[in-house]
Amino acid sequence: METQSKPTACLALADGTVFYGRGFGAVGETVAELVFNTAMTGYQEIMTDPSYAGQIVTFTFPHIGNVGTTSEDEETADPVAAGMVVKWDPTESSNWRATTELGEWLRLKGRIGIGGLDTRRLTRAIRQQGAPHVALAHDPDGNFDVPALVARAKAWQGLVGLDLARDVTCAQSYRWDEMRWAWSEGFAKREGEGLRVVAIDYGAKRNILRCLASAGCDVTVLPATATAEDVLALNPEGVFLSNGPGDPAATGEYAVPMIKGVMEKDVPVFGICLGHQILALALGARTVKMSHGHHGANHPVKDLVSGKVEITSMNHGFTVDSQTLPAGVRETHVSLFDGSNCGIAVDGKDVFSVQYHPEASPGPQDSYHLFERFAEAMKARRA
Ligand SMILES: NC(=O)CC[C@H](N)C(=O)O
């Protein structure tokens, strides 16, 4: 008979290290890159951030699942990160907003969870060796072919060169008018004529679109492979480049020509995360893979123009090499953790982008003003 302590999930790293734990969510097997996220809240937003496609998230905060889940906190319906790793088995939820327990929600989304393993040791391993390739298996009977799982992890090609934006982008264009969540109002709809913004969806988080709407934008979302002609046909007053998964250099194949075409028309451009990286590529800079990336809700960033420091939400494994920024493109923000590039702007133009997530979700809202800056640039042109 199965005992309580029998492992029902197993995480195998490509170097042969194996962690056992208790499975929750979907049953099955998956292979991905493993990253750690240090946020203390917002596990559901993290798991549904399309930027995590191809990645499994280990949470350094030990109590995950205790506020359950609600569809209001989903950053996209599907897909979610490939799997989740937590210290304690998710407990019963205690939250008036919760509609579904975390394990059940994860099962419905077809994603695997593993609990009851040493996430501190795992996080140390990630810090020391860089984000590893892993295989994660969940079997209620506890039957694991460990050598096969290690071999699968080893054989996985990894994120470098992988274009995942195509997989997570919308199939068709759509309009967006929902604004940021507010106490007693929930998600109100934007009314009246707004600033015409085209948002390119490389895997956009819903809260980014809400922030644009709250800042006064009438948002039309276009698929990742939209061309400059598709974008300009909508006569946009501003173009927004979203976050997204995978290697920016791979996505850049179609995104770079579009961005160049838009910049020729001198339209204001604002990019976030993957959008920041591909804007940098379009301007002639290079992006590189980081060792274990930045994933959390407590990353200090310095604004080199104002000298101010903001605490930001981050989720990226690639970075813009600031040494490769061409003349006329300024580095505007840096990470106070490792000095890596966190923002750029084009001299004399309303073209700017940041590596971090001003929409938070989860995380601090120190940087929401960037959406207003984008809106102000468009309003100034109307005036
Ligand atoms: N959040 C994002 O947009 C992530 C961008 C990119 N996929 C990276 O990992 O760096």
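Me: In which sense do E5 and strand E6 pair, and over how many bridges?

Reply: This is a predicted model. In it, E5 and strand E6 (residues 112-115) run in the parallel sense and share four bridges. In E6, Ile114 is the bridge partner of Val85.

Me: Which strand pairs with E5 over three bridges?

Reply: That is strand E4 (residues 55-59), again paired in the parallel sense. Here Thr58 stands opposite Val85 in E5.

Me: What unit do E5, helix H2 and E6 make?

Reply: E5, helix H2 (residues 102-108) and E6 form a β-α-β unit, and the unit is right-handed.

Me: Are the faces of strand E5 covered or open?

Reply: A residue counts as buried if 20 or more other C-beta atoms lie within 10 Å of its own. In strand E5 (residues 83-86), Gly83 and Val85 on one side are buried, and so are Met84 and Val86 on the other.

Me: How many residues of helix H6 are buried?

Reply: An α-helix has 3.6 residues a turn, so residues three or four places apart point the same way. In helix H6 (residues 206-214), nine of the nine residues are buried. Among them are Arg206, Asn207, Arg210 and Leu212. After H6 comes Gly216, with a positive phi near 105 degrees.

Me: Which residues are around the ligand?

Reply: They include Ser51, Asn243, Pro248, Cys273, Asn315 and His316. Strand E16 (residues 309-321) gives the largest share of this shell, four residues.

Me: How many residues of each class does the shell around the ligand have?

Reply: The shell has seven polar and five nonpolar residues, and no charged ones.

Terms used
Residues are numbered from 1 along each chain as its sequence is written. This is a predicted model: local features need pLDDT of at least 70, side-chain atom pairs count only at pLDDT 80 or more; totals for chains, interfaces and linings use all residues. A residue is buried if 20 or more other C-beta atoms lie within 10 Å of its own, exposed if 12 or fewer, and partly exposed in between; C-beta atoms are placed from the backbone. Helices (H or I, at least four residues) and strands (E, at least two) are DSSP runs, numbered from the N terminus. Two strands pair if DSSP finds at least two bridges between them. A crossover is right-handed if, with the strands pointing away from the viewer, the path from the first strand over the helix to the second runs clockwise. A residue is near a molecule or strand if its C-beta atom, placed from the backbone, lies within 6 Å of it. Ala, Val, Leu, Ile, Met, Phe, Trp, Tyr, Cys and Pro count as nonpolar, Asp, Glu, Lys and Arg as charged, and the others, Gly among them, as polar.
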